[in-house]
Structure formats: structure tokens, C-alpha cells
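Colleague: I have a model open and want to learn to read its features. Walk me through some of them, please.

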Amino acid sequence: LGRPISGLAIDSRHVMPGNVFFALPGLRADGATFIDEAVSRGAVAVVAEKMPPFPPAKVTFLQVADARTTLAHIAQRYHRFPDRDLTAIGVTGTNGKTTVAHLIKHFLNGQERVGLLGTIHYDLGARTMPSYRTTPESLDLYGLMAQMRDAGCRHAVIEVSSHGLEQKRVLGLQFGAAVFTNLTRDHLDYHGTLEKYSRAKTRLFTGGTGAVPKIAVVNLDDAHGAKLAAKLTAELPDVELVTFGENPGAQVRADNVALHLKHSSFRLVWPGGTHPIDTALIGRFNVSNLLAAIATMWALGRDPRAFLEKLRTFAGVPGRMEPVNQGQSFSIFVDYAHTDSALRNALGTLRAVTPGRLRVVFGCVGHRDRKPRPLMVRAAQECADHAFATADNPRTEPIGQIFDDMRLGVSALEKISWIENRHEAIRTAIESCQPGDCLLIAGKGHEAYQEFADTVFPFDDRLVARELLAANALVKP
């Protein structure tokens, strides 16, 4: 360019003098429409796929075939290739990414700091900040990894979403290990079909991100995982494949699984030995999550007998089957389950260990694929004794339309109540509980807000449940 560059920007509102502005195409807005604003704020160069009809003077324009690809490569170089100094561990799948990522980070934590980029927060080693996106844009991702490197981190655990893969946010990143948890119907409003969704996830393992991972850790209990494992074996023999699951053919597997309301136990088996496991994580899906983390650690050369000592100090993940206990005579759990498969898993887990009735509060988000809405209701009706359908994050979609879609899944009218206000739905559900019952509040998990129209309101299922328990005098004296 023949002039100094002060930084890179993808949001015209954040452009500083001397920046290069990348005009990225998007689903809702095209970055090219903000070129004039970026230039007015001091951009000295613009990277775009289409040249504007009347480009501003004294600004260098670079026309490229794919702006996102160019951004990823330049961001990686600008931040001095942080992935060369960090072992990046990517975790992808429909369900379980967050729990698996947190478990791996917990097991790795020791003498050195471990970074984390995920749904709940970004841990950069020296500081932690709220997450605004499961997988950040490539510009932010490489910048955050550079902060991890500078803070002394040697590992970076990254939740890799299908959107992140499709939009090339991790393009060029060399993963030391990539983990596949499972794949079920989700995000089809974006991907269109389950096949395209699956292909997006597979990119992490087959070089679609620019480099194949050194190690692939794959769930053999999942049908898509089994196909992926076979594909890697046949086509990419240089990738070290490690499988996990309850499947007898898995290298890292669980035998003699026993599930309880407050803990789970099983016998861990791996090529180097066996080890008894007793964990506060509940449910068969959490057994799978734990196996994924253990298999990853073993693949990285760690001895399970050593790092599993840390399992007893794992506090769990916020909003992932998180208990709300104020001394009441029944159980309450808050979970992020927002797909029909995740809801079935969560309710199935609680059904197996609940002596009384099982109840669930849930909703469906607005402006997303509408086809799963009746499937969510069907899961609730088949797995719970009573369901309370309510608002999740309606955004600008009328709650009445969301409810109409959900009603297509109703099979037993007497087993479901429709309450638009989420606070009221939780209150009604709590007041309906008797000793020995269990209530699952599903869909939002760690989220501390609700989205209506273009407004975000404070709302935390866990806090609301605690306040209602106290207000209704349900706490034991």
C-alpha cells in the first residue's frame, strides 16, 4: 500500500485512522454499503469483492474474489501467526461443545494458562470477557489468540460452530486436535439441509479450513461420527484418529454406566488401562462429553490416571444441567437444551432418576428454522409428564406465530400449558411441583437476557427460579 497500517476492521463504526477496512458480504447487510463511513473515519484501504461505482479518492481499493478468505489470511499474518505458538483444540458438534471445551480446559490447567473461546465467555489467560459469538470472526479470533499467547498460554480451546466453519472464521488455523461430539438437526434456517450442515462440520477434519488437524477425536456412538471416522480412516491416514463412546469398538469408552440424580459413574477403558469414574455431571450425554474430553487429553499424550484427579474439582458449566437448590422438596435444573434431541436427552436423563413427576418449561426462538418447533413439543410431550410452553427469544417474530408452529406437535392437550410470559410460566411450573418431582427449565441456560423485537431485557432462568422459590415460601425452614 505504500503507507503504514494501524489495524484491521470489519465494522465501519470501529474504524480508526490508518485502518484497512474489509467490506464483508453478510446475510442481513453488505459491508460494501458502509465503505463511505469507513473512509470518513480514516480508513486508508478497503478490501472488497465489488468495486464501488464511485470510489473515494486517496484510498487504496483491493478487489478480491473472497473477502472472508482474504481477511482470515491477513488477520493471521497481522497477529503474527498465534497458532504457531499455541496448541489449538477445536470442538464442534450440535450438542456438548461448551461442556467438552470447559472440561478440556480444566484438565489442561496446571503450571501454564489455557485460553478458551466459546459460547459463555472468552478466557484470554490474563483476563476474561463475555462471549458475543461462539466462534469469533477471523479478525477477532486471531487477535484473541494473540492475547492468549502474550499472556503465557500454551493451549487454546475453541468451540467451532458450523457458522464459523461456513464463514471461514477459522480458515488457516492449524488445529493440534479437532473434536466431534455429535450432529442432530439444528441451524437449518442457515444451512438449508442436514447434509449441508454435516458437510460444514466435516470441514474441520478434512482440510476445509485450510489445514487438516493433527489429531481427530470422534464420537463413535453418533451415526455421523461413525461415518466421519470411516472417512478419515479411508481418505486421511495422516490424521491420527481417536474414537470414543460406549461403542465396544471405541478406543476410549465407558462400561458399566450408572446414572443418578446427583452423580454418574462408569468404568473408563482406554488402551492403556481402566479407571473408575464418579462425577457430579449427570446424564448419559455428559458421560459422552466427559469421554470426549478424556479422549482428547489421551490423544495429546496425557495419562488419564493423572489428569482425572482434577475431575473432582470441576464445578460444572453454567447453564448446563445446572441445579437450582434452595432447600425445596423437589429438584430444579436449568439447561441450554434448545433442540429436540438435546431436550430429549435432558428429559430422558431426569426421567430415569426422578421418583415423582417430570415437568418442563421450554420455548422456541424466533426467526430461526420453523420445522423443529413441533419436534420440540413432541419431545416434551413424550418425555415429560407436563410441559409449559413459553417464550424463549422471540426477537421480532410474533409469539402467536411461534406457538402456532409448536402446536403442530401436540399429541396430548392436557399435558401442555401455553403461557407467553416466561416469568409466569416458570412461576406456574414451580407452584405445580410436589415433593419428589423434577422441573427442567430448558432453552436459555447461561443466558441472562431475553430478546424481544430489537430490545434485550435482563432475564436469567436461574435467578428467576431462586427468587420465585423464596417468594413462594417453598424453601424449607
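**Reading the features**

Modeller: Start inside a strand: threonine 243 belongs to β12, which covers residues 240-245. Keep in mind that this is a predicted model.

Colleague: Is threonine 243 buried or exposed?

Modeller: Compare its relative accessibility with the cut-off: buried means under 20%. Threonine 243 has 7%, so it counts as buried.

Colleague: Which residues does threonine 243 touch, leaving aside those up to four places away in sequence?

Modeller: Its contacts are Val218, Leu220, Ala229, Gly249, Ala250, Gln251 and Val252.

Colleague: Next, helix packing. What describes two packed helices?

Modeller: Two things: the angle between their axes and the distance between the axes. Here, take α11 (residues 340-353) and α12 (residues 372-383). Angles under 35 degrees count as roughly parallel. The two helices, α11 and α12, are therefore roughly parallel to each other.

Colleague: Which residues make the contact?

Modeller: From α11, Asp340, Leu343, Arg344, Leu347 and Arg351. From α12, Leu375, Met376, Arg378, Ala379, Ala380, Glu382 and Cys383.

Colleague: Now salt bridges. How many are found in the whole structure?

Modeller: The search finds 28. The criterion is a side-chain nitrogen of Lys or Arg within 4 Å of a carboxyl oxygen of Asp or Glu. One of these pairs is glutamate 451 with arginine 395, at 3.5 Å from N to O. This pair links distant parts of the chain, 56 residues apart. Glutamate 451 is in strand β22 (residues 449-452). Arginine 395 is in the loop between β19 (386-391) and α13 (399-407). Arginine 395 has a relative accessible area of 17%, so it is buried.

Colleague: What is the salt-bridge partner of lysine 444?

Modeller: Glutamate 447, with the closest N and O atoms 3.0 Å apart. Check burial on each side. Lysine 444 is at 0% relative accessibility and counts as buried. Glutamate 447, at 9%, also counts as buried.

Colleague: Which residue does arginine 462 meet in a salt bridge?

Modeller: Aspartate 460, with an N to O distance of 3.0 Å. Arginine 462 counts as buried at 11% relative accessibility. Aspartate 460 counts as buried at 16%.

Colleague: Which residues are linked in a network of salt bridges?

Modeller: Arg370, Arg373, Glu397 and Asp405.

Colleague: Last, the surface. Which residues make the nonpolar surface patch of about 230 Å²?

Modeller: Ile5, Ile74 and Tyr78. Patch residues need over 30% relative accessible area. Isoleucine 5 is at 32%, so it counts as partly exposed.

Colleague: Where is isoleucine 5 found?

Modeller: In the segment before β1 (7-9).

Notes
Residues numbered from 1 in each chain as written. Predicted model: local features only at pLDDT ≥ 70, side-chain atom pairs only at ≥ 80, totals over all residues. Heavy atoms only, no water. Patch = residues over 30% accessible without salt bridge, like charges linked within 9 Å, V, L, I, M, F, W, Y side chains within 5 Å. Areas by Shrake-Rupley, 256 points an atom, 1.4 Å probe, with all protein chains shown as cover. Helix = DSSP H or I, 4+ residues; strand = E, 2+ residues; numbered from the N terminus. Buried < 20%, exposed > 50% of the residue type's maximum accessible area, 1.4 Å probe, protein only. Axes fitted to C-alpha atoms, helices over the stretch in contact; angles between N-to-C directions. Parallel < 35°, antiparallel > 145°, perpendicular 65-115°, else oblique. Contact = heavy atoms within 4.5 Å.
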